[in-house]
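Open the model in your viewer and switch to a cartoon view. Keep the selection tool at hand.

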Amino acid sequence: MNTDAEDFRSGFVSIIGRPNVGKSTLLNRILGQKIAIASPKPQTTRNRILGIHNQPNGQILFLDTPGIHRGTGKLNRYMVDQAMSACSDVDIVLFLVEATDRPGGGDDFILEVLSRSEVPVILVINKIDKVSPEALLPLIEAYSHKREFSAIIPISGLTGNGVDALVTATHKLLPPGPRYYPEDMITDLPERFIVAEMVREQVLKQIRDEVPYGVAVIVESFTEKPEKNLVVISAAILVDRDSHKKIILGKGGEKIRSIGKAARVDIERMLGSRVYLELFVKVQKNWTESDKLLKEFGYE
Ligand SMILES: Nc1nc2c(ncn2[C@@H]2O[C@H](COP(=O)(O)OP(=O)(O)OP(=O)(O)O)[C@@H](O)[C@H]2O)c(=O)[nH]1
Ligand SMILES: [Mg+2]
């Protein structure tokens with residue numbers, strides 16, 4: 001008798017949608033921990049982010065992806081490729097849309113991509129905290145005309161409303177399978193990557209206009225001093241134009257200090273130790289169009 005093994009379900013589940021619909025916020029909410037950065041600006045996520053959800057009868061491997069959009073340029077193409085490749089070769093796709101939006105052209109494009117594979121799709125209507133319950137029915141109706149969904153689940157990634165129901169529905173659709181990763185593992189991302197992302201998140205939140213879109217963050221050194229319960233981190237904020245360096249620094253270095261202060265709080269929470277974070281700015285002209293630099297900054 002081995003009912004445990006028979007009942008155990010596992011597999012890969014991609015979170016797909018237009019920019020800014022709340023994919024990364026949802027992943028963090030499901031995991032109960034912040035591994036993916038989120039911001040009010042579209043095109044926050046640039047890489048595929050694995051989040052491992054463990055439960056007694058299953059392991060769900062969620063993939064947060066960059067928002068699918070029609071931007072031009074090499075970095076944008078890399079980002080959209082990352083998302084598109086997560087539409088197939090997975091067990092389930094969560095297609096995220098916003099409750100405040102009517103279905104539009106961007107969604108049709110994603111639905112067309114999804115129609116090319118046999119992967120079951122759950123429609124997740126996010127941000128329901130922003131609408132009245134009566135607004136949901138016509139939206140569900142409009143989307144159900146577009147294709148067959150395995151389930152349609154309204155949620156709020158921000159408040160957590162409906163998220164348990166979503167995880168349960170996802171688990172039910174998964175095939176029986178093994179635990180792929182150790183039970184205490186939440187992601188396969190290196191701490192250095194998440195640290196760099198937490199700095200980039202503050203750049204997105206604190207710097208206006210187009211500047212953050214040309215920003216990359218690289219952790220140059222990461223030194224643990226366990227006897228002092230301290231981690232000393234040095235990170236470079238790379239900008240693609242001279243004029244942007246001044247904006248990141250701010251008057252008298254005010255801005256970069258404020259970015260560092262906010263990022264440090266998140267990094268300390270993640271690492272569970274005190275952090276000394278040193279930030280500096282470097283200009284790397286046009287790095288978003290250079291194959292070599294894109295690769296060097298982790299976008300390959
Ligand atoms: N009101 C409300 N806001 C939300 C909800 N989920 C996410 N947001 C907000 O929507 C914005 C975008 O969230 P993200 O999680 O970064 O969205 P994303 O889909 O990962 O965006 P990209 O990575 O740019 O594609 C942030 O300001 C979030 O706080 C929600 O359920 N309700
Ligand atoms: Mg995101």
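Two residues count as in contact here if their C-beta atoms, placed from the backbone, lie within 7 Å. Keep that cut-off in mind for the packing stops below. Note also that this is a predicted model.

**Stop 1: helix 3**

Select residues 74-85. This is helix 3, with 12 residues. From first C-alpha to last it reaches 16 Å, close to the 16 Å expected at 1.5 Å a residue. Now show side chains. Which residues of helix 3 are buried? Leu75, Met79 and Ala83 are. They sit on the same side of helix 3 because they cover an arc of only 70° around the axis. An α-helix has 3.6 residues a turn, so residues three or four places apart point the same way. Turn to the other side of helix 3: Arg77 and Asp81 are exposed there. What do the buried residues pack against? Strand 1 (9-17) and helix 10 (291-296).

**Stop 2**

Next, select 92-98 and 121-126. Strand 4 and strand 5 pair in the parallel sense over six bridges. Leu96 stands opposite Val124 in strand 5.

**Stop 3**

Select 216-225 and 230-239. Strand 7 and strand 8 are antiparallel, paired over nine bridges. Lys225 stands opposite Leu230 in strand 8. Four residues lie between the strands of this hairpin, and Asn229 takes a positive phi near 50°.

Zoom out to the open sheet of three strands, order 7-8-9, with mixed pairing. Its edges are strand 7 and strand 9 (274-283). The twist averages 15° from one strand to the next. Strand 8 and strand 9 run parallel, joined by 10 bridges. Find Ala236 opposite Phe280 in strand 9.

Finish with two helices. Helix 7 (residues 191-206) packs on the sheet, touching strand 7, strand 8 and strand 9. Helix 9 (residues 254-271) also packs on the sheet, touching strand 8 and strand 9.

Notes
Residues numbered from 1 in each chain as written. Chains lettered and ligands numbered in written order. Predicted model: local features only at pLDDT ≥ 70, side-chain atom pairs only at ≥ 80, totals over all residues. Expected span 1.5 Å × (residues − 1). Buried ≥ 20, exposed ≤ 12 C-beta atoms within 10 Å, placed from the backbone. Arc of directions from axis to C-beta. Pairing = 2+ DSSP bridges. Axes fitted to C-alpha atoms, helices over the stretch in contact; angles between N-to-C directions.
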